[in-house]
Amino acid sequence: MAALCEAFTLCGLGPSGGVGLGVGGGVLALEPGRDPDHVLLTDRGRTATLFKVSDQKPLGCWSVKHGQIITCPVVCNFETHEYIAVHDDKVLRIWKDEDVNLDKVFKATLSADVYRIHSLSHGEPLVLFKGGGVRTLDVLLEAPQQEIENVISDEVIKWSEAFLEGQQPVLIFTTEKDGDFFVYVQKVKMNSLHKYKLKQQELSNPLSFTAYIKKQIIILLCLYSNDSVYKVLIPLQQNGEEEEQTLSKSLLLNLSICGSVLKGTSFVVIDKDHVAVLGSLAVSGEESKECLTIWNTKFQTLQTSKELPLGTSGQLWCYGDKFFFTHGKVLTVVIYKCETSSLAAAVGKLKDSQTSDISPFVNWNTLGDEELVVSFQSQQSVALKPESKMTLRSRRNIVAKVQPETFTVGQFLLNIKDTSAAAIEDELRPLLSKAQMPDFQATIGCVITALINRCKTDPMFYPQNFLVQVIQKRELSYSLCPDLMAVALEKKDVHLLQICLQRFPDIPEEITYACLKVFLSISDDYLERTDVNLESVVCYIDIEPNNKEVKTEVVENGFNTELEENSCNNTVLKETRMTNDGEFCPVGPRKAALLNAVLHSAYSETFLLPHLKDLPAQQAVLFLRYLYYLYVKCSEKINTTLPGMLSPTINQIMDWMCLLLDAHFTVMVMLPEAKGLLSSLHKFVRAQVRFYSELNKIEGSLRELQRLKRQKDSQAYSIEVLELI
């Protein structure tokens, strides 16, 4: 059994397909980094970027000079933790993480054009030249200008891969000449090379290759233009004197689905019984749709699929439990799960305990009502009658035979289309109490997705109480119910958005920005009628019945502008009312609580900054005023920490303030209403710098006092006068 789970965006692609600002003409390749959570992305231009996948964050980016082009994918040398690139076909570059400028790293000019560098997990990288010659990297670096033999004549390399068989590196590559395809297998250390001819397939040509080694045999898989996958077996043990052989192939998989055909463009091997194919599904009478599919090659069945409406580049990579591919203008990551192949799993009737790990991740939007019921009943302890062993078409009858008092999620999903919100909440209340059921989180995510799908089609339907309750009580994530916050934004449900921002760890930056924009634009009158959690503000904003904020507090022995300019008292009692100097809260307490939720949300500066630039100028100024207010409040405390639950930290405040100024600095300078704010902020920061500078001056004296105190014998009573110079 296989399933496609949550998907997320790793990075945006530019107008021409490159990373970031779109330098280059698309993605050249994606290679694994030295850490399982790292990948190296090379664009078809000048840039290579190292990403940490789980954080969706770039860790490093390197570019060659203008006029130079990276011509083969950048790889990591797992032995030395260095990165290797080739630009302009012959120029080799090697660098480490701490290197920034590629002009200053190791450089070697080679004597022949490089096709690809293959990195091995436990061995020296292999360099494959366009003429078919192969060298290990260490041998090549001993004499970069050494002559490289031409193994192939008038042939063009189409694909290559490298393996370790024991301690022996093995490289395989395919070539094409005049419509004929050839396969070369080289054992590098033994200097053994074998050439094979691939038997032609009538009226079709290979589009993509992949391979793996098992028991001294290379299994080469070929995706052909006739919508089929073929398998070719190549033994590693061969006599050196044998002439060129013709390889026969056997049909492994026919990419047809109920009369429809999948036009595959690329594919990868998941395990011995499963392959993933990226392609376009052609249905008669309908427009073709691009999709990612997982197939069981043992039983010739489609296990799962995911539609990709924004289109792809036709490239697919698989590392660990993740697929990588371009989708529209972003590089998308999809996590998958795959179990040992069995006939029961292949036809969706696996009843053992392992099924529960997969079934909740089915795409509920693409399944029929009957499939929903059967999938959920297979993972819950609902006893069906013997008649349940029937064909798929008769499963609707099974549902009718289930006892009314036995509630299942499958039954609920069948009835959701015409049930009132109140009735749905009553039905789901027992489900929330079953926290020990297998895959409870995934089940709840599917239920929420079904509810949100109905919200989209029925504007009058919105079970807010249930959604708020389930988000508050359960550890869910954005990826389990990706459309929930979009619907909440559409309905301006700020209470639900606040809870999601506080509890979801994986909210995309685009959604975070959308929440910020809604919170800043919504009126205080509207918020007065809305339920908002004020725990993050009640401890530093006092609320009077007339809705004016009045703050009376003792300023502790820390920094304060009044103390610096007027007094040296340790405590000052001050009363703050609404003014225009940054010492008041520029927004109401409800809006402040919502903005605090945004400050708590995780983000990547690289992906959030472009969205922040679209924030209207007046809203940007208001948000900066509030951040300035929080900054002043934090600075009044010795530990620079605001009181209360879920209050923003000084680091969060500073990070957002810098991010907002980066996005809108030019606009802020030009706006008359922002000049006073910027001036006050500048004076405040300058005063803080002076204050901490004075503290640094006496730091040495204070340490000396501590040392002297430890050295002297304490008396019963003494008076000492110490001078600080």
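The dialogue below concerns the nonpolar cores, cysteines and salt bridges of a predicted model.

Trainee: Where should I begin with the nonpolar core, and which residues have the most contacts inside the largest one?

Mentor: The general idea is that, in soluble globular proteins, nonpolar side chains tend to be buried together. In this model the largest nonpolar core has 85 residues, and those with the most contacts inside it are Ile 448, Ile 471, Leu 484, Met 485, Phe 504, Phe 519 and Tyr 626. Helix 16, which spans residues 617-635, gives the most to this core, contributing 12 residues. Apart from this core lies another, of 20 residues, which includes Leu 198, Phe 209, Ile 234 and Leu 236.

Trainee: Which residues is Met 485 in contact with, once its neighbours within four places in sequence are left aside?

Mentor: With those neighbours left aside, Met 485 is in contact with Tyr 478, Leu 497, Cys 500, Leu 501, Phe 504, Ile 507, Ile 511 and Cys 515.

Trainee: How many disulfides does the structure hold?

Mentor: The structure holds 0 disulfides. As for individual cysteines, Cys 11 counts as buried because its relative accessibility is 2%, and Cys 585 is likewise buried, with a relative accessible area of 5%.

Trainee: Turning to charged side chains, how many salt bridges are counted?

Mentor: The general idea is that side chains of opposite charge can pair when their charged atoms come close. Here the count comes to 12 salt bridges, one of which joins Arg 135 and Glu 149 at 2.9 Å from N to O. That pair links distant parts of the chain, with Arg 135 in strand 12 (residues 134-136) and Glu 149, 14 residues apart from it, in the loop between helix 1 (137-142) and strand 13 (156-165).

Trainee: Where in the chain do Asp 483 and Lys 456 lie?

Mentor: Asp 483 forms a salt bridge with Lys 456, with the closest N and O atoms 2.8 Å apart. This pair also links distant parts of the chain, 27 residues apart, with Asp 483 in the loop between helix 8 (464-473) and helix 9 (484-490) and Lys 456 in helix 7 (residues 440-457). Asp 483 is partly exposed, with a relative accessible area of 28%, and Lys 456 is partly exposed at 48%.

Trainee: What are the values for the pair Lys 52 and Asp 55?

Mentor: The closest N and O atoms of Lys 52 and Asp 55 are 3.5 Å apart in their salt bridge; Lys 52 counts as partly exposed at 27% relative accessibility, and Asp 55 as partly exposed at 42%.

Methods: Residues numbered from 1 in each chain as written. Predicted model: local features only at pLDDT ≥ 70, side-chain atom pairs only at ≥ 80, totals over all residues. Heavy atoms only, no water. Core = buried A, V, L, I, M, F, W, Y, C linked by side-chain atoms within 4.5 Å. Buried < 20%, exposed > 50% of the residue type's maximum accessible area, 1.4 Å probe, protein only. Helix = DSSP H or I, 4+ residues; strand = E, 2+ residues; numbered from the N terminus. Contact = heavy atoms within 4.5 Å. Disulfide = S-S within 2.5 Å. Salt bridge = Lys/Arg side-chain N within 4 Å of Asp/Glu carboxyl O.
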